[in-house]
Amino acid sequence: MRKHIYIAYTGGTIGMKPSSQGYVPAAGFLTETLAKMPEFNRSEMPLFTIHEYDNLIDSSDMSPSDWQRIADDIADNYDDYDGFIILHGTDTMAYTSSALSFMLEDLAKPVIVTGSQIPLAELRSDGQVNLLNALFIAANFPIAEVGLFFNNRLLRGNRSRKVDADGFNAFDSPNFPPLLEAGINIRLKAGELAKASDKKLTVSNVSAQPIGMVSLYPGIAPEVIKNTLQQPVNALILLSYGVGNAPQNPKLIEQLQYAKSREIPVVNCTQCIRGRVNMGGYATGHGLQEVGVLSGSDMTPEAALAKLHYLLSKNLSFEQINLLLTANLRGELSE
Ligand SMILES: NC(=O)C[C@H](N)C(=O)O
């Protein structure tokens, strides 16, 4: 029996058309373009149904309410399809992939987020390869988690980052191996094929949360942190140096102590592309740990932000949030 894959088309370059202001999404255009590509209808390919969203957007316009719409859409169609493809812009694809990984609990079917750097209708588009492979993989190599497929690699969604603004190899997963690689042969790497499961999918609701994100830099004034911590910010992601280090300026540390006294979780993620936070490594990191800053381990800033949205949208105590933030919930961090 041919598998049947559900494609949710949210917008992004893959379905865009040129306009006088640059590329813009255009209703009906992606579906029309795909219909002219016979390779998508070959017998080796799964059947697919496209649900084009009514307001197609550039992914720079994505917000948590859009994550919610995608998660609810998957849940509404979950029993009728073998897998799900989310067509999405590349700019915030790593954020949406991270968010979906937290919102969809007990997934037993593949969810693959993909898109392209050049629109599908244009010469030299990477959209054909990305979508064709994503469909084929969802049908034949079902990995029951949220993945991001780009340039012949399936990455764990909550480990992925956009690393190239204009290259085809736009995504990487610096701290976790790819789930699968598609060369002449398609090979599983860190991914595991889905097993039959009688677990029921549950979807967590998220709402937009005021979260501060401050990247440290030499000479940063404590006021920058102080101002970020003003209401209504209810969590702070600190992008620190190296293995989690920050200047030892007591005024700066005082601000972080103040965050703790107000029960605002502060997560320490490194500015480095690769590697993990270890606040015990240097005195400059130890100071942060002493005032209750939490280790983000090797979480990407995108995953930390999505995880905070997920946790802050639940009715949890400060202690519970701290515990879950530092725990491995969906393979997003190495413990
Ligand atoms: N390649 C892309 O999809 C970029 C586009 N601005 C988007 O994120 O929607």
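**Ligand shell and helix packing in a predicted model**

The shell around the ligand holds no nonpolar, eight polar and two charged residues. Here Ala, Val, Leu, Ile, Met, Phe, Trp, Tyr, Cys and Pro count as nonpolar, Asp, Glu, Lys and Arg as charged, and the others, Gly among them, as polar. The model is predicted: local features need pLDDT of at least 70, side-chain atom pairs count only at pLDDT 80 or more, and totals for chains, interfaces and linings use all residues. Residues are numbered from 1 along each chain as its sequence is written.

Gly12, Thr13, Asp58, Ser59, Ser60, Gly89, Thr90, Asp91, Gly115 and Gln117 surround the ligand. An unreviewed UniProt entry annotates Thr13 and Thr90 as "active site". They are spread over 78 residues of sequence but cluster in space, with a largest C-alpha distance of 7.7 Å. UniProt positions follow the numbering used here, feature names are shortened, and annotations may be inferred rather than shown by experiment. Thr13 sits in the loop between strand S1 (4-11) and strand S2 (16-17). Helices (H or I, at least four residues) and strands (E, at least two) are DSSP runs, numbered from the N terminus.

The unreviewed UniProt entry places the domain "L-asparaginase N-terminal" at residues 4-189. This stretch is 25% helix and 28% strand, and its end C-alpha atoms are 24 Å apart. The domain "Asparaginase/glutaminase C-terminal" is annotated in the unreviewed UniProt entry at residues 212-322. There the chain is 40% helix and 15% strand, with end C-alpha atoms 16 Å apart.

Helix H2 (residues 64-77) and helix H3 (residues 93-103) cross at roughly 55°, and their axes come within 10 Å. Axes are lines fitted to C-alpha atoms, for helices over the stretch in contact, and angles run from 0 to 180 degrees between N-to-C directions. H2 and H3 are therefore oblique to each other. Angles under 35 degrees count as roughly parallel, over 145 as roughly antiparallel, 65 to 115 as roughly perpendicular and the rest as oblique. Trp67, Ile70 and Ala71 in H2 contact Thr96, Ala99, Leu100 and Met103 in H3. Contact requires C-beta atoms, placed from the backbone, within 7 Å.

H3 also packs with helix H8 (residues 301-312), at an angle of about 40° and with the axes 8 Å apart. H3 and H8 are therefore oblique to each other. From H3, Ala94, Tyr95, Ser98, Ala99, Phe102 and Met103 meet Glu302, Ala303, Leu305, Ala306, Lys307, His309 and Tyr310 of H8. This contact comprises nine nonpolar, two polar and two charged residues.

Terms used
Near = placed C-beta within 6 Å. Contact = placed C-beta atoms within 7 Å.
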